[in-house]
Amino acid sequence: MKNIHKIAVIPGDGIGPEVIREGVKVLQKIAEWDERLQFQFDFFPWGCEYYVRHGKMMADDGMEQLQSFDAIYLGAVGYPGVPDHVSLWDLLLKIRKRFDQYVNLRPIKLLQGAPCPLRDVRREDIDMLFIRENSEGEYAGAGDWLFKGKPEEVVLQTGVFSRKGTERIIRYAYETARKTGKTLTSVSKGNALNYSMVFWDQVFEEIGKEYPDVQTYSYLVDAASMYMINQPKRFQIVVTSNLFGDILTDLGAALAGGLGLAAGANINPERIYPSMFEPIHGSAPDIAGQGIANPLAAIWSASQMLEFLGYEEWAHVVLEATEQVLKEQKALTPDLGGTASTSEAGDEVVLKMTEII
Ligand code: NAI
Ligand code: MG
């Protein structure tokens, strides 16, 4: 019997459709090879071009349409001419919030052959999994803007840390550390943020009592950013707030080969709603339409999707094939110093997969 997985594909804008095509190519190959599974892809033309034509980023019943899928595969949204806060809030953040995707999973893993700006690091030294809180914190949109334009003007941006929201992300991180047998590091800032981060640290400790088998560390965010550069080995599983996670994972992306290689998953762990998988880069208007975008980040996020759907072996094969392509340096796109096109890079990953299986 076949497992049929319904995937909603939102290619989006700019290079989004170019890189997503390669990820779909990889997934389709797997479905050809593995008789247990089949993907049913439905494409949604939403994004900024859609906005220009229809005055909205997605269909009015867009969220209802997406609800019944097993996963969402997203390229990138955003394009010159449509304000970034519109494209972000009316599509990406809407999906993340409405589908309660409160876990943002970002692997920071240096593959062999990937460029790393640090001297003398070994591949094994950079192998982290960031678990970023994805639903509240500093990005809750809470605050106020008083006396606008007056001399006594005051703005407040409130960090929202609910017990439920804080506990569930920290618990997810402990579970992940336990399952993988890795260490867990919490990144916070309890010395200066005397409410939110003191609370965070307290919850991290409280929940830790249920996981005596998990080795933990707790760093201040400023120290953590230094260690990521000079002692990246310290980090395995990392749990942190929305804002700190946003910043540190970009730092991590730079360590592990740049935007062309950075993937991210927005997870609803209870699986009540679909989770969403995406390369973390944007629509790259500067190179869109030229067929030279790097598809490896999109392919890596397809690997995350496979893992989430329960095909860990396939997830592994995709990542290993990606690493082979990087190692051989034959079919790399210009951002990685090569001359390959987007589809040539995707084809090469598929070829390497055939050699692995
Ligand atoms: P960007 O990530 O699109 O591009 C930054 C730089 O990295 C550019 O020089 C681009 O050419 C390069 N780059 C990015 N991905 C690449 C890839 N796969 N292969 C080769 N080169 C790549 O960020 P930028 O320029 O700040 O934003 C452009 C648009 O994308 C904006 O409208 C922004 O709002 C949107 N955006 C959307 C995101 C999303 O949908 N998740 C995330 C970040 C930005
Ligand atoms: Mg970011």
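Helices (H or I, at least four residues) and strands (E, at least two) are DSSP runs, numbered from the N terminus. This is a predicted model, in which local features need pLDDT of at least 70, side-chain atom pairs count only at pLDDT 80 or more, and totals for chains, interfaces and linings use all residues. Residues are numbered from 1 along each chain as its sequence is written, while chains are lettered from A and ligands numbered from 1 in the order in which they are written.

Q: Which residue just after H4 takes a positive phi, and of about what value?
A: Most residues other than glycine have a negative phi. Just beyond the end of H4, the residue with a positive phi of about 45° is Asp-100.

Q: At which residue does H4 bend?
A: The bend at a residue is the angle between axes fitted to the seven residues ending there and the seven starting there. In H4 this angle is about 35°, and the residue concerned is Leu-92.

Q: Within what arc do the buried residues of H5 fall?
A: A residue is buried if 20 or more other C-beta atoms lie within 10 Å of its own, exposed if 12 or fewer, and partly exposed in between, with C-beta atoms placed from the backbone. By that criterion the buried residues of H5 are Gly-165, Thr-166, Ile-169, Ile-170, Ala-173, Tyr-174 and Ala-177. Taking the directions from the helix axis to the C-beta atoms, these residues line one face of H5, because seen down its axis they fall within an arc of 160°.

Q: Which exposed residues does the face of H5 turned away from its buried side carry?
A: An α-helix has 3.6 residues a turn, so residues three or four places apart point the same way. On H5, the face turned away from the buried side carries the exposed residues Arg-163, Lys-164 and Lys-179.

Q: Is Ala-284 buried or exposed?
A: Ala-284 is found in the loop between S12 and helix H9 (296–308), and its phi is positive, near 45°. Because 22 other C-beta atoms lie within 10 Å, Ala-284 is classed as buried.
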